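Please look over the following points with the structure open.

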Amino acid sequence: QVQLVESGGGLVQAGGSLRLSCAASGSIFIINTMGWYRQAPGKQRELVAVFTKSGSTNYTDSVKGRFTLSRDNAKNTVYLQMNSLKPEDTAVYYCRADIIRRDYYAIDYWGKGTLVTVSS
């Protein structure tokens, strides 16, 4: 079994910063992709930032230059540093990982989500 545990959400004023963490644990053989999605009230879930299988990073246009995705491979953890936050960044942020388990099954895992609220 594999778990994704997120942390770091909270309430911040516009212009402030937050750092989200997502740690994957369990029967992990390979992590193909890992990153963050978000879902604002009344909107569809969207990609925020992700490490691709090749190791490159993709960001949605609205966060480029403000958010930075990083990782600690030894800890199977990714971090999302969010700077210059705007009220429109308010959403539940979900960690997602495409993982090959030790039994060689490839599964798409989601975390439970962490709420980020940016006040104006």
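Which residues make the nonpolar surface patch of about 350 Å²?

1. The patch is made by Phe29, Ile30 and Tyr104. Bear in mind throughout that this is a predicted model.

2. Ile30 belongs to strand S4, which covers residues 28-39. Its relative accessibility is 35%, so Ile30 counts as partly exposed; the partly exposed class lies between under 20% for buried and over 50% for exposed.

3. Strand S4 runs antiparallel to S9, and 10 bridges join the two.

4. Is S9 largely enclosed or largely open? Strand S9 spans residues 91-101, and eight of its 11 residues are buried, so the strand is largely enclosed by the rest of the structure.

5. Strand S9 also pairs with S10 (residues 106-110), in the antiparallel sense and over five bridges. Within that pairing, Ile99 has Ile107 in S10 as its bridge partner.

6. The hairpin of S9 and S10 has four residues between the strands, and there Tyr104 takes a positive phi near 70°. Tyr104 is also one of the residues that make the nonpolar patch, along with Phe29 and Ile30.

7. A further antiparallel pairing links S9 to strand S11 (residues 114-119) over three bridges. In this pairing, Ala91 stands opposite Val116 in S11.

Definitions and conventions. Residues are numbered from 1 along each chain as its sequence is written. This is a predicted model: local features need pLDDT of at least 70, side-chain atom pairs count only at pLDDT 80 or more; totals for chains, interfaces and linings use all residues. Side-chain values use heavy atoms; hydrogens and water are left out. Patches are made of residues with over 30% relative accessible area and no salt bridge: like charges are joined within 9 Å, nonpolar side chains (Val, Leu, Ile, Met, Phe, Trp, Tyr) within 5 Å. Accessible areas come from the Shrake-Rupley method with a 1.4 Å probe; for residues, only the protein chains shown count as cover. A salt bridge is a side-chain nitrogen of Lys or Arg within 4 Å of a carboxyl oxygen of Asp or Glu. Buried means under 20% relative accessible area, exposed over 50%, partly exposed in between (1.4 Å probe, protein chains only). Two strands pair if DSSP finds at least two bridges between them.
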